[in-house]
Amino acid sequence: MQYKEYKEIQNLSRLGIGLMRLPVLDGDYSRIDYERAKAIVDCCMKNGINYYDTAYTYHNGKSEDFAGKALAEYPRESYYIADKFNFQAEPDYEKQFEEQLHRLQMNYIDFYLLHGIQDNFQEDILASGCIDYFDEQKKNGRIHYLGFSFHGNTENLRKMMEQYPWDFVQIQLNYYDWYFGDAKELYEILEAAQIPVMVMEPVHGGLLANLTDDAAAVLKRYSLDASQASWAMRWVMGLPGVQVVLSGMSDTVQAEDNLTTFDQAVSMTDEEQHLLHQAAKYPAESGGGSLHFLQILLC
């Protein structure tokens, strides 16, 4: 596993797991298949992943319960938990925060985020007083690092950055959104401000792990063995401002593929960068960008 120093943390894993797409029972998103999901977490812990990302609404509120239970057998200092305040689900930030600590069975949260900031409710969350409250929790040691995840435009990202000296920001970042969306602009704003970037949706909700036949052929001609997901992960890893890349792993096969990718530090060549740009054009032409709104709802 590759690690990258983050403030006082010397060994923050570059790969993190997002606990929002865990295996479920009978197709019910609220019923996490504990045994299969726990096997994924155990695989991640065994192989050096120490960043675990959950949220108040994931699996209809069951993800935090799962995270607390699954990680309870490991020393608290051996992993870092990220959790999020969802303003739309429960605007009472004090109530939600206390409930989250209870669900997690923890007395502090390492990385805490304002969840999924969008243009249509950004003003409401800024006016709510939650930032002052969470800053107080940070001073009290109940939050170690404070940030936000973002799904808005560049103007509102700049406005968010003016509100508080954020420790990190999480954005949707992948080579598809870089070439055909606004990910490049968002990333460059954060990089210029020297704010570490946590990455969500590095494979664009699965789009870049299940390419069209034409797009897949472009990459396969260069490398028969590399998975489509590994191409996307390596591309994101090459951006210097990126701290952690999150993957919503649904089984141990996905975990093992990601672990193989993150065990190596292989920079992309100019030729590989060109091939990815070519591959990205096929999903774009087939309307892959329509997935963006779905990701906003989920993340």
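Strands S11 (197-200) and S12 (242-247) pair in the parallel sense over three bridges; helices (H or I, at least four residues) and strands (E, at least two) are DSSP runs numbered from the N terminus, and two strands count as paired if DSSP finds at least two bridges between them. In this pairing, Val199 stands opposite Val245 in S12. The structure is a predicted model, in which local features need pLDDT of at least 70 and side-chain atom pairs count only at pLDDT 80 or more, while totals for chains, interfaces and linings use all residues. Residues are numbered from 1 along each chain as its sequence is written, and side-chain values use heavy atoms, with hydrogens and water left out.

Strand S12 also pairs with strand S3 (residues 15-18), in the parallel sense and over three bridges. Here Val245 is the bridge partner of Leu15. Six of the six residues of S12 are buried, so this strand is largely enclosed by the rest of the structure; buried means under 20% relative accessible area, exposed over 50%, and partly exposed in between (1.4 Å probe, protein chains only).

Both pairings belong to a barrel that eight strands close in the order S3-S6-S7-S8-S9-S10-S11-S12, with parallel pairing. Neighbouring strands of this sheet are turned by 25° against each other on average, direction ignored. Axes are lines fitted to C-alpha atoms, for helices over the stretch in contact, and angles run from 0 to 180 degrees between N-to-C directions.

Helix H10 (residues 228-237) packs on the sheet and touches S11 and S12, contact meaning heavy atoms within 4.5 Å. The direction of H10 makes about 160° with that of S12. Nine of the 10 residues of H10 are buried, so the helix is largely enclosed by the rest of the structure; among them are Trp231 and Trp235.
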